[in-house]
Amino acid sequence: MSVSVVLGSQWGDEGKGKLVDILAADIDVCARCAGGNNAGHTIVVPINGAKKTFAFHLLPSGLVNPSCAGLIGNGVVIHVPSFFQELDALESQGLNCTGRLFVSDRAHLVFDFHQVVDGLKEIELGGSSIGTTKKGIGPAYSGKASRSGLRVHHLFDDTFAAKFRKLVEGRFKRYGHFEYDTEGEIVRYKKLAERLRPYVIDSLTYVHEAISSGKRVLVEGANAAMLDIDFGTYPFVTSSSTAIGGVCTGLGIPPKLIGNTIGVIKAYTTRVGGGPFPTEQLNDVGVHLQEVGCEYGTTTGRRRRCGWLDLVVIKHSNMINGFDSFNLTKLDVLDQLSEIKVGVKYLVDGKELTGFPADLDVVGKVEVEYVTLPGWQSSIENVTSYKDLPENCRKYIEFIEEFTKVPVKWIGVGPGRESMITKP
């Protein structure tokens, strides 16, 4: 099959971008299918003997490969000013994207008023804040679901201004008259539309022509399974389908064309914002993971909550996505620990739960059963082959494989592109 998929298997921030960057060397098209500029992928690339860091939010991170095209699919929501801000930043770093970056004409638009509304919705929630990035993603998807949103092709329609005014008026009625220059935005978007025009395509035709001509397509997931609107820790989730189903609906690719699905697992667990986190460690271990792992968000800079690897979460994620293999990332963050715990069961009143609960009140009551494994207490950052990893490190990897019944194919042992071991 010519379509491969890389998906997050926890609460995001697993390091998907690094694997996408590596795989993109042999890929013709790298596509985004869901989310918006609430995603954050950091790519570290050696250029002329020095390491250069690229931060991706909305654009596909496969663009780091100069021969790979990037596609923003119909399932993505696009804030056009941020699109160009990100593109300009990448090109100022020497990344030429001319003629190889495309935007679906069916993708919905995020406007600045969506971002204002995002903040107002958080205020309404008060103590129940879900920890949104305030990028306007949720309100844009809400508009899409209520059939009141505007799509990329509307930018080139003579009725855009009237539709935009009606949309803003609807938000004023809902949230009160917040400060917003509607007419100024219309003028601004007329200019942005002309700049965007060369990038806009019929993405459905494009991706199917690529597949039928034998080109290799890689779908880059955003966020992760536990943030999926259906299968995540609702309502502490994002507003799109971040699991395998979003690949089909967000790009128009039928399931039978998807050949290889790769799940990315961080060697421990992190999440940003509110919501349950059964293996969270509010102690020295959590501080160690946060500091050594540099656990701050690429998009927001927020500190990530940290805890032990939760294999109940991974099992849940694998049920949904059907992973063919795993990429285990940031394993080197565990180097200094004398022992490492892995969550393997959820218990409530002494009884094991059969899956990950839908009811967050139940999740909040679970007792996690751990297996404790010995640490390796030596640096693995410069290790280049699986056999040269410390024995206890290999045992940790093999425990994950045995529990999940999914092979670990790639192992991240450092931040750089070169710090990735391929397991035989």
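Helix 1 has Lys16, Gly17, Lys18, Leu19, Val20, Asp21 and Leu23 as its buried residues (buried, under 20% relative accessible area; exposed, over 50%; partly exposed, in between; 1.4 Å probe, protein chains only). Helices (H or I, at least four residues) and strands (E, at least two) are DSSP runs numbered from the N terminus. The model is predicted, so local features need pLDDT of at least 70 and side-chain atom pairs count only at pLDDT 80 or more, while totals for chains, interfaces and linings use all residues. Residues are numbered from 1 along each chain as its sequence is written, and side-chain values use heavy atoms, with hydrogens and water left out. Because seven of its eight residues are buried, helix 1 is largely enclosed by the rest of the structure.

Helix 1 (16-23) also contributes to a pocket. Together with strand 3 (41-47), helix 1 is among the elements that each supply at least two residues of the lining of the second largest pocket. On a 1 Å grid over the protein atoms alone, a pocket is an open set of points with protein on both sides within 12 Å along at least five of seven lines; a cavity is a set where a 1.4 Å probe fits but cannot get out; lining residues have an atom within 4 Å of a point. The second largest pocket holds about 630 Å³; a volume is the space filled by probe spheres set on the points, which are joined across faces, edges and corners. Its lining counts 29 residues, with Gly15, Thr42, Gly293, Lys330 and Pro415 nearest the centre. Eight of the lining residues are nonpolar, eleven polar and ten charged (nonpolar: Ala, Val, Leu, Ile, Met, Phe, Trp, Tyr, Cys and Pro; charged: Asp, Glu, Lys and Arg; polar: the others, Gly among them).

The largest cavity has a volume of about 30 Å³. Strand 8 (108-109), helix 4 (137-145) and helix 5 (160-175) each give at least two lining residues. Helix 4 provides the largest share, four residues. The lining of this cavity comprises five nonpolar, five polar and two charged residues.

Threonine 329 belongs to strand 15 (residues 325-329). Threonine 329 is buried, at 6% relative accessible area. Its side chain reaches the backbone oxygen of glutamate 14 at 2.5 Å. Beyond four places in sequence, threonine 329 is in contact (heavy atoms within 4.5 Å) with Glu14, Gly15, Val264, Ile265, Lys266, Ala267 and Gly412.

Tryptophan 308 sits in the loop between strand 13 (305-307) and strand 14 (309-310). Tryptophan 308 is also buried, at 6% relative accessibility. The C-alpha atoms of tryptophan 308 and alanine 267 are 8.2 Å apart, across 41 residues of sequence.

In helix 8 (residues 244-251), the residues Ile244, Gly246, Val247, Gly250 and Leu251 are buried. They lie on the same side of helix 8, because they cover an arc of only 150° around the axis (the arc of the directions from the helix axis to the C-beta atoms).

Most residues other than glycine have a negative phi, and most peptide bonds are trans. Arginine 147, not a glycine, has a positive phi of about 65°. Arginine 147 lies in the loop between helix 4 and helix 5 and is exposed, at 75% relative accessible area. Lysine 405 likewise has a positive phi, near 65°. Lysine 405 is exposed, at 68%. The peptide bond from tyrosine 234 to proline 235 is cis, with omega near 10°.

How values were computed:
A polar contact is a pair of N or O atoms within 3.5 Å; within protein, one must be able to donate a hydrogen and the other to accept it, and residues adjacent in sequence count only if both atoms are side-chain atoms.
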